[in-house]
Amino acid sequence: MPPRLKVKFYRVVVRLTMLYGAEYWSVKNSHVQKMKVAEMRMLRWMCEYTRRDKIKNEAIRDRVGVASVEDKMRQSRLRWFRHVKKRSIDAPIRRCERLAMASLRRGPGRPKKYRG
């Protein structure tokens, strides 16, 4: 399979599948890291490189001509945010902007445990 066809397939099918619904996720750093790892594994496979070749990720992305998956996730979230901002002020999704957040302040003491 020619490399240009692999790149086109990656952009059209694989990346869109990976990012499906990314604008709605509450994205954590661990999620972003897993997406980066999966993306680089696919790009290395497309270029027929291994980690032993010790080629930098940026060099592989430049060779393939693909932006990072983190940037694409950010773009999709911003696109969704613009869509929400266009809604009327009375729309249910916009009501959460007017909620008072002052009562949610935590007091002194040990912070809550976080699992994620």
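Where is the place of valine 37? Hi everyone, valine 37 sits in helix H2, with helices being DSSP runs of H or I of at least four residues, numbered from the N terminus. What you see above is a predicted model, where local features need pLDDT of at least 70, side-chain atom pairs count only at pLDDT 80 or more, and totals for chains, interfaces and linings use all residues. Residues are numbered from 1 along each chain as its sequence is written, and side-chain values use heavy atoms, with hydrogens and water left out.

Back to valine 37. Its relative accessibility is 42%, so it counts as partly exposed; buried means under 20% relative accessible area, exposed over 50%, and partly exposed in between, with a 1.4 Å probe and protein chains only.

Now, the core. The largest nonpolar core has 17 residues, and Leu43 and Val64 touch the most other members. By a nonpolar core I mean buried Ala, Val, Leu, Ile, Met, Phe, Trp, Tyr and Cys residues joined through side-chain atoms within 4.5 Å. At least two residues of this core come from each of H1 (3–18), H2, H3 (57–64) and H4, and H2 gives the most, with six. Leaving aside neighbours within four places in sequence, leucine 43 is in contact (heavy atoms within 4.5 Å) with Tyr10, Ile60, Arg61 and Val64.

Next, salt bridges. The whole structure has five, each being a side-chain nitrogen of Lys or Arg within 4 Å of a carboxyl oxygen of Asp or Glu. One joins glutamate 39 and arginine 61, at 3.3 Å from N to O. Glutamate 39 is in H2 and arginine 61 in H3, so this pair ties together parts 22 residues apart in sequence. Are these two buried or exposed? Glutamate 39 is buried, with a relative accessible area of 0%, and arginine 61 is buried too, at 14%.

Over in H4, arginine 74 has two partners. Its closest N and O atoms are 3.9 Å apart with glutamate 70 and 3.4 Å apart with aspartate 71. Glutamate 70 is four residues from arginine 74 in that helix, about one turn. Here the residues are partly exposed: glutamate 70 at 28%, aspartate 71 at 36% and arginine 74 at 39%.
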